[in-house]
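Trainee: I have a model to go through. Can we take it one feature at a time?

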Amino acid sequence: MKYINKFKLLPVLIILILSTCSCNKYLDKQPLDAITSEAFFETATQINQALTGVYNAYGARTISPGFSNPTTYYAKMDLYTEIGLERSLNGTIGSGAYGTTNGSVAEIWAAFFQVIQRSNSLLFNMPKAQSVMSPVDYARVQAEAKILRALAYWHLITYFGDVPFFTGPLAQSDVYAATRKPKKDIINFLITDVEAASSALAWLPTETGRVSRGVALGAAARLAMLDKRYADVIRLTDNVIAN
């Protein structure tokens, strides 16, 4: 009886061993129906797709009733004034009766941090494709991502003052440990960053909808205004006007 049990167990053990080996091989494979973040950012096409993703996060954001609403962000803000509603009919932002849990407030915060997250991811990973891109195209993509990131921070600082400040991809622990950075420090970094990046852009972009050198310097001027650095505002805007 013992011998019979041993012979019955042997095939079972063999199947288990083979199954374990087989599972390991399958687990080591990359997905066949998608591109992982590790395998992305390796070609010029992928870099430009990632940049399009940054633009998409910036341009597609809306205020309540939700991200999928087709009304643009800027038009939505007018609805909190007498342009859209009588103040007596507006029971939230228009009258000042709202808190941090308000849906519109949460959407503004989430939307612009999504722009920042996508920009940071692109800027951190794009060196993997530097060898397969022309220096001009590489510098242009890098500059556009930095300017879109700066504009997102401009919006956040305008509405919230001091905010968490990130310039690279985050681990989950970084998110939970985030604290607000003084807006003056953020502005100082971004103005220098944007001015340096602006030289990689043309005054007139070759594709409609892309940021230009004028947009870059305008973004730096807006940031300088928030910090009352009026001499810098004049210097930056005069450059735009002259060109």
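Trainee: Which residues of the largest nonpolar core touch the most other members?

Mentor: A nonpolar core is a set of buried Ala, Val, Leu, Ile, Met, Phe, Trp, Tyr and Cys residues joined through side-chain atoms within 4.5 Å. Buried means under 20% relative accessible area, exposed over 50%, partly exposed in between, with a 1.4 Å probe and protein chains only. Here the largest core has 52 residues, and Ile-47, Leu-122 and Tyr-153 touch the most other members. Two or more residues come from each of α2 (44-59), α4, α5 (135-160), α7 (183-198), α8 (213-226) and α9 (230-242). α5 gives the most, 13 residues. Helices are DSSP runs (H or I, at least four residues), numbered from the N terminus.

Trainee: What should I trust, and how are residues numbered?

Mentor: This is a predicted model: local features need pLDDT of at least 70, and side-chain atom pairs count only at pLDDT 80 or more, while totals for chains, interfaces and linings use all residues. Residues are numbered from 1 along each chain as its sequence is written, and side-chain values use heavy atoms, with hydrogens and water left out.

Trainee: What is Leu-122 in contact with?

Mentor: Contact means heavy atoms within 4.5 Å. Leaving aside neighbours within four places in sequence, Leu-122 contacts Phe-41, Ile-47, Ala-50, Leu-51, Val-54, Val-141 and Ala-145.

Trainee: How many residues has α5, and what span does it reach?

Mentor: The expected span of a helix is 1.5 Å times one less than its number of residues. α5 has 26 residues and reaches 37 Å from first C-alpha to last, close to the expected 38 Å. Just after α5, Gly-161 takes a positive phi of about 75°.

Trainee: Which residues of α7 are buried?

Mentor: Among them are Ile-186, Ile-187, Leu-190 and Asp-193. Their cover includes α5 and α8.

Trainee: What volume has the largest pocket, about?

Mentor: Work on a 1 Å grid over the protein atoms alone: a pocket is an open set of points where a 1.4 Å probe fits, with protein on both sides within 12 Å along at least five of seven lines, and lining residues have an atom within 4 Å of a point. A volume is the space filled by probe spheres set on the points. The largest pocket has about 260 Å³. Its lining counts 15 residues, with Gln-117, Phe-166, Gly-168, Pro-169 and Leu-170 nearest the centre. Helix α4 (residues 103-125) supplies the largest share, six residues.
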